[in-house]
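Please examine the sequence and the structure before reading the solutions.

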Amino acid sequence: MFDLIELFFFAYRDFIGDADRLLLRYNFGRAHHRVLYFVDRRPGLAVAELLDLLKITKQSLSRVLKDLLDQLYLEQRPGVCDRRQRLLFPTNKGRALALELAQLQTRRFARALDSLPEGARAQAAAFLAAVCDPPAQDAPRGTAQAASQEVWEEMPGGAS
């Protein structure tokens with residue numbers, strides 16, 4: 001499996017490198033990208049759910065979130081039912097950056113998939129889902145963990 005491990009390292013390096021180069025212009029890093037990506041994909045995501053989804057600590061999220069909030073890429077609102085809850089939303093500026101980053105990575109995936117036989121996308125999705133640990137089966141509905149479980153189950157070969 002060393003050949004696949006090595007290819008995976010190189011594929012990840014190049015896939016993330018496209019975004020890294022763009023993020024440098026904003027003095028952002030990969031952590032900013034991850035937070036912006038998930039908040040853009042799930043507007044209204046609670047900070048607690050984001051921590052759970054990314055499997056990071058409050059401390060590691062704090063600086064990144066502060067940067068994105070201070071520079072108006074994200075906004076934070078209190079929860080509707082629980083005012084202590086902090087919900088995150090992308091601003092127009094945040095959505096634009098998230099889209100620009102996604103377009104870079106989409107082009108790379110599209111180029112790769114275009115060179116492969118029909119059905120390769122489903123096989124690639126199944127492979128990546130199989131590489132990931134399945135999310136906890138007992139995640140409460142409406143949480144980031146439950147959302148990641150739903151995504152995982154929708155992937156070909158993802159459901160156990």
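**Exercise 1.** How are α1 and α5 oriented to each other: roughly parallel or roughly antiparallel?

*Solution.* The model is a predicted one, in which local features need pLDDT of at least 70 and side-chain atom pairs count only at pLDDT 80 or more, while totals for chains, interfaces and linings use all residues. Residues are numbered from 1 along each chain as its sequence is written, and side-chain values use heavy atoms, with hydrogens and water left out.

Step 1. Identify the elements: helices (H or I, at least four residues) and strands (E, at least two) are DSSP runs, numbered from the N terminus. Helix α1 covers residues 2-24, and helix α5 covers residues 92-114.

Step 2. Consider the axes, which are lines fitted to C-alpha atoms, for helices over the stretch in contact; angles run from 0 to 180 degrees between N-to-C directions. The axes of α1 and α5 cross at roughly 150° and come within 9 Å.

Step 3. Apply the classes: under 35 degrees is roughly parallel, over 145 roughly antiparallel, 65 to 115 roughly perpendicular, and the rest oblique. The two helices α1 and α5 are therefore roughly antiparallel.

Step 4. List the contact (heavy atoms within 4.5 Å). On α1 the residues include Phe15, Ile16 and Leu22, and on α5 they include Leu97, Leu101 and Phe109. By class, the contact of α1 with α5 has 9 nonpolar, 1 polar and 4 charged residues. Here Ala, Val, Leu, Ile, Met, Phe, Trp, Tyr, Cys and Pro count as nonpolar, Asp, Glu, Lys and Arg as charged, and the others, Gly among them, as polar.

**Exercise 2.** Determine how the rings of Phe15 and Phe109 are arranged.

*Solution.* Step 1. Rings of Phe, Tyr and Trp (its six-membered ring) pair if their centres lie within 6.5 Å; planes under 30 degrees apart count as stacked, over 60 as edge-to-face and the rest as tilted. The whole structure holds 5 aromatic pairs.

Step 1. The ring centres of Phe15 and Phe109 are 4.8 Å apart and the planes stand at 15°, so this pair is stacked.

Step 2. Phe15 belongs to α1 and Phe109 to α5, so the pair ties together parts that are 94 residues apart in sequence.

**Exercise 3.** Describe how α2 packs against α5 and against α3.

*Solution.* Step 1. Helix α2 (residues 30-41) packs on α5 at about 105°, with the axes 10 Å apart. That makes α2 roughly perpendicular to α5. In this contact, His33, Leu36 and Asp40 of α2 meet residues of α5 including Gly94, Arg95 and Ala98.

Step 1. With helix α3 (residues 47-54), the angle of α2 is about 120° and the axes are 11 Å apart. That makes α2 oblique to α3. Arg34, Val35, Phe38 and Val39 of α2 touch Leu50, Leu53 and Leu54 of α3. This contact of α2 with α3 has 6 nonpolar, no polar and 1 charged residues.

**Exercise 4.** In what order do the 3 strands form the sheet?

*Solution.* Step 1. Two strands pair if DSSP finds at least two bridges between them. The open sheet has the order β1-β3-β2, with antiparallel pairing.

Step 1. β1 (45-46) and β2 (74-78) are the edge strands, each pairing on one side only.

Step 2. Between β1 and strand β3 (residues 86-90) there are 2 bridges; Leu45 has Leu88 in β3 as its bridge partner.

Step 3. Finally, α2 lies across β1, β2 and β3, and runs at about 90° to β3.
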